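Please read the points below alongside the sequence and the model.

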Amino acid sequence: MPRVPRESRDETDRIAALQQEVGQLREAVASHAVVDQAIGVIVALGRMTPDGGWTVLREVSQHTNIKLRNVAELIVFWGRSGRIPEEIRAQMEDAVDRHGPPRIPGAPPLDRRPTG
């Protein structure tokens with residue numbers, strides 16, 4: 001069996017490490033896009049700022065002990081389908097109530113459920 005020169009093994013290891021890094025970067029970009037979309041859904045339905053939407057998303061993740069990306073995926077799906085797990089919905093409503101725009105006294109509550 002021929003011996004592989006040490007430089008070739010080093011290069012092979014370097015290429016493998018770079019391929020792994022590229023894969024991680026692709027996953028990070030995809031995750032970031034989903035998080036941004038979820039923040040957009042929260043902003044639109046909660047009538048709040050993007051910073052408020054980020055805060056709501058982060059709190060829902062923390063209070064449900066579900067990874068932020070997974071919560072974001074569920075919220076984006078909810079925006080398209082109208083279906084969301086009850087635990088996520090309840091936590092999101094509570095967080096929007098805490099961080100959303102002030103309410104006018106006596107005004108009816110906002111309906112945050114998408115129609116359709």
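Helices here are DSSP runs of H or I with at least four residues, numbered from the N terminus. By that numbering, asparagine 65 sits in the loop between H2 and helix H3 (68-81). The model is predicted.

**Helix H2 as a whole**

- H2 is made up of 15 residues. From its first C-alpha to its last it reaches 21 Å, close to the 21 Å expected at 1.5 Å a residue.
- The buried residues of H2 are Gly52, Gly53, Thr55, Val56, Leu57, Glu59, Val60, Ser61 and Thr64. Three of these, glycine 53, serine 61 and threonine 64, are taken up in turn below.

**Glycine 53**

- Glycine 53 is a residue of helix H2. Its relative accessibility is 0%, so glycine 53 counts as buried.
- Leaving aside neighbours within four places in sequence, glycine 53 is in contact with Ile39, Ile42, Val43 and Met48.
- The C-alpha atom of glycine 53 is separated by 9.9 Å from that of methionine 92, and the two residues are 39 residues apart along the chain.

**Serine 61**

- Serine 61 belongs to helix H2, which covers residues 50-64. With a relative accessible area of 11%, serine 61 falls under the 20% cut-off and is therefore buried.
- Not counting residues up to four places away in sequence, serine 61 touches Ile66, Lys67, Leu68 and Val71.

**Threonine 64**

- Threonine 64 also lies in helix H2. Its relative accessible area is 9%, so threonine 64 is buried.
- The side chain of threonine 64 reaches the backbone oxygen of valine 60 at 2.7 Å.
- Beyond four places in sequence, threonine 64 touches Val71, Glu87, Ile88 and Gln91. Val71 is likewise among the residues that serine 61 touches.

**Loops on either side of H2**

- Arginine 47 lies in the loop between helix H1 (6-46) and H2. Although arginine 47 is not a glycine, it has a positive phi of about 55 degrees.
- Is arginine 47 buried or exposed? Arginine 47 has a relative accessible area of 54%, so it is exposed.
- Just after H2, asparagine 65 takes a positive phi of about 60 degrees. Asparagine 65, too, is a residue other than glycine.
- Asparagine 65 has a relative accessible area of 73% and is therefore exposed.

- How many salt bridges does the structure hold? There are 4.
- One of them joins the side chains of arginine 98 and glutamate 59, at 2.6 Å from N to O. This pair links distant parts of the chain, with arginine 98 in helix H4 (residues 86-99) and glutamate 59 in helix H2, 39 residues apart.
- Glutamate 59 has 14% relative accessibility, so it counts as buried. Arginine 98, with a relative accessible area of 44%, is partly exposed.
- Side chains of opposite charge can pair when their charged atoms come close.

- Glu86, Arg89 and Glu93 are linked in a network of salt bridges.
- The side chains of arginine 89 and glutamate 86 meet at 2.1 Å, N to O. Because these two residues are 3 residues apart in helix H4, about one helical turn separates them.
- Arginine 89 also forms a salt bridge with glutamate 93, the closest N and O atoms being 2.8 Å apart. Glutamate 93 and arginine 89 are 4 residues apart in helix H4, about one turn of the helix.

Methods:
Residues numbered from 1 in each chain as written. Predicted model: local features only at pLDDT ≥ 70, side-chain atom pairs only at ≥ 80, totals over all residues. Heavy atoms only, no water. Buried < 20%, exposed > 50% of the residue type's maximum accessible area, 1.4 Å probe, protein only. Contact = heavy atoms within 4.5 Å. Expected span 1.5 Å × (residues − 1). Polar contact = N/O pair within 3.5 Å; in protein donor to acceptor, adjacent residues only side chain to side chain.
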